[in-house]
Amino acid sequence: MGWNLSGELIETCSCDPHCPCWFGVQELMKMDQGWCDNALLFRVEGGESNGIDLAGRTVVVGADFPGPTLFDADGTARLYIDDGANEGQRSELEAIFQGKVGGPMAVLGGLMSKWLPTQYCSIEIEDDGDELTAKVGDVGEIKSSVLKNEAGNAMTMQHSGFAGVFQFPDEKFRIAPSGSRWADPDLPREFETRSGARGSWNWNVD
């Protein structure tokens, strides 16, 4: 059974700006601290799976990659799904965002050696368009700020590797430095983020 989702991704990671993974070139994808941790916020605006409407739901991925490279596929991650999701939505969202049913998240899921049990918690978002803050249960806070030039235009990057992986329709994302803090006791380490990006996505799997 196919599924489709669309929405916005707010990406944050522990590397100094800008996260080298967005370039999608393996030789450049070097973790500046010898490890990389990230928090990815997915705001689902529309879509369904197995006849279940998933619009309006929010999913966060917290992940730790011990290094030395992303491709060692030794990551540990957890999903956090907003506590407004019903049982059916929880099941479908978990399958999609752990990459079990194909789509872009199967690429990320392939880098994980361990998925911790999914948590269902409050996810409170304040968003004025350029500045976004999301409080995720008692484990973390995501802060994202769109970077603008002197003319007030959002700085963007196009046709990068990760933009293609996440299937941004125009393969473009906005550069958005972050200031997130994460402290899930079951993840290997507490972390803060500095790098960040935002983009719209539209996923369809037949």
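Let's begin with the pocket lining: by class, the lining of the largest pocket has 17 nonpolar residues, one polar and one charged. The classes work like this: Ala, Val, Leu, Ile, Met, Phe, Trp, Tyr, Cys and Pro count as nonpolar, Asp, Glu, Lys and Arg as charged, and the others, Gly among them, as polar.

A word on the source. This is a predicted model, where local features need pLDDT of at least 70, side-chain atom pairs count only at pLDDT 80 or more, and totals for chains, interfaces and linings use all residues. Residues are numbered from 1 along each chain as its sequence is written, and side-chain values use heavy atoms, with hydrogens and water left out.

Back to the pocket. In all, 19 residues line it, and Leu70, Leu108, Leu111, Phe162 and Phe166 lie nearest its centre. β1 (3–13), β2 (36–49), α2 (105–109) and α3 (161–165) are the elements that each give two or more residues to this lining. β2 supplies the largest share, three residues. The space is about 280 Å³. A pocket here is an open set of points on a 1 Å grid over the protein atoms alone, where a 1.4 Å probe fits, with protein on both sides within 12 Å along at least five of seven lines; lining residues have an atom within 4 Å of a point. Points are joined across faces, edges and corners, and the volume is the space filled by probe spheres set on them.

Now the whole chain. It has three helices and 15 strands. These are DSSP runs numbered from the N terminus: helices are H or I, at least four residues, and strands are E, at least two. Buried residues make up 49% of the 206. Buried means under 20% relative accessible area, exposed over 50%, partly exposed in between, with a 1.4 Å probe and protein chains only. The C-alpha atoms fill a box of roughly 45 × 40 × 35 Å along the principal axes.

Next, the backbone. Two peptide bonds to look at. Pro17 to His18 is cis, omega near -5°. His18 is found in the loop between β1 and β2. Gly67 to Pro68 is also cis, omega near 5°. Pro68 sits in the loop between β4 (58–65) and β5 (75–82).

Last, positive phi. Asn50 is not a glycine, yet its phi is about 55°. It lies in the loop between β2 and β3 (52–53). At 41% relative accessibility, Asn50 is partly exposed. Gln167 has phi near 60°. Its place is the loop between α3 and β12 (172–175). Gln167 is partly exposed too, at 36%.
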